[in-house]
Amino acid sequence: MTSPSRRRLMLVAILLALPSLATAADASEVFVPKLAYTGEAAATLDGGKSSGTAYAGQLMFGADVNLDAAFGWRGATIKAYGINRHGTNLARSSTGNSTSVQEIYGGQGTRLANLTLEQKLLNDRLVLEAGRSVANIHHLGSELCQYFQGNSACGNPTYVFRTSNFTWWPVSSWMADATAWVTPDVYVRVGAYQVDPSQAEDGQHGLKWSANQATGWVVPYAIGWRSPASARLKAKYEVGGWQDNSTYRDPLRDANGNPALLSGQAPASRQGRSGAFVRFEQQVSSDGNGRGLTVFGAALKGTSGQLIEDHFLQAGLVQKGTFASRPQDSIAFVVTQQKYSDIALENLRLARAAAGGSGTPHDSQVMMELSYGIQLTPQLRIAPNLHYIVHPDQFDEPARQRDLPNALIAGMRIDWSL
């Protein structure tokens, strides 16, 4: 059997050989380059743990390779993307809570984020994709996320990462995904993504393809309806869930069933969690040129396992086109609630008591964001934004003796794309 290192060398050789295979085709039909940069600045104006500023950035580079145009492999595309993430996280340094207002922070450094083969079959009614990728660009994502900076709602509802080992950009692992269009407007999607926590460690580069440190698989699934392309008011409705059979630490108890903080023992190792969701995006006004008001919302709930959050709610709106003189600008607002579970609150209460404090932290966190996007050029967009966090959570600092004050934060998102 071919060794993993030899397989990687063979794949690199194929990618390097594609330009020569495409000599008879127009290069622009074969290669679609991807180059984009996102920067997210944030500063605490009031509340939180302390005042401070932070900046996080992400450079994305790569290409889609059309294998049909290259040498006649109908419906096949190679997607190869790399990511460099750099900068700092305001939540860690100043706000004090565990949900960032900079959604591109995490998986720092340079790494291979995606290397997959996509195959379309049956007149594009069946789309298969496999290789190295992540669950959250295929499931529970939305193009509306480009209008926000906070990580509570974007790039995906944060609940799914807090209550499962849902894999996230840019920490790639082995995966396979399938989307079947039952009708032109109704689809079913299911995927399987290997869970390997070692891939998220500092210094990883996405090229360690061995599965010897994997702990299981997460399987997301959904059924959805999308409005026809001819519809004046665009819409999308989706219901689904996820099943995670990988291992995780109990939020409260040790292997003997006692609170780990009191016993001094390690938290018990558990296996198996699941959840369900419903979400929608509905355009309610349109000028016929893609501009108008879209409202959206989501609800997520755990269905099994020992979870730190009970449920998650999200509601928001995006207005594309703000003034007659600014038809490409946007204004967006989102509010989310993260409701904690009883076992998570008990663990926080015990940690506070052990540190000399008293009482139990608040049972939920509400995060709000208001953003105005300014389209400076077709390639460059900036979006100043304001965030308000009600009852910041204490999961990153469970030994705090008192609640964190509500926090007001100013941000600025910059997007540039080729």
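Lining the second largest cavity of this predicted model are V101, F148, G150, S152, A153, C154, V334, T336, M367, M368, E369 and H387, where a cavity is a set of points, on a 1 Å grid over the protein atoms alone, at which a 1.4 Å probe fits but cannot get out, and lining residues have an atom within 4 Å of a point. Its volume is about 90 Å³, taken as the space filled by probe spheres set on points joined across faces, edges and corners. Strand 13 (330-340) and strand 14 (364-375) each give two or more residues to this lining, strand 14 giving the most, with three; strands here are DSSP runs of E, at least two residues, and helices are runs of H or I, at least four, numbered from the N terminus.

A word on conventions. Residues are numbered from 1 along each chain as its sequence is written. Local features need pLDDT of at least 70 and side-chain atom pairs pLDDT 80 or more, while totals for chains, interfaces and linings use all residues, and side-chain values use heavy atoms, without hydrogens or water.

How values were computed:
1 Å grid on protein atoms, 1.4 Å probe; cavity = no way out; pocket = protein on both sides within 12 Å on 5 of 7 lines; lining within 4 Å.
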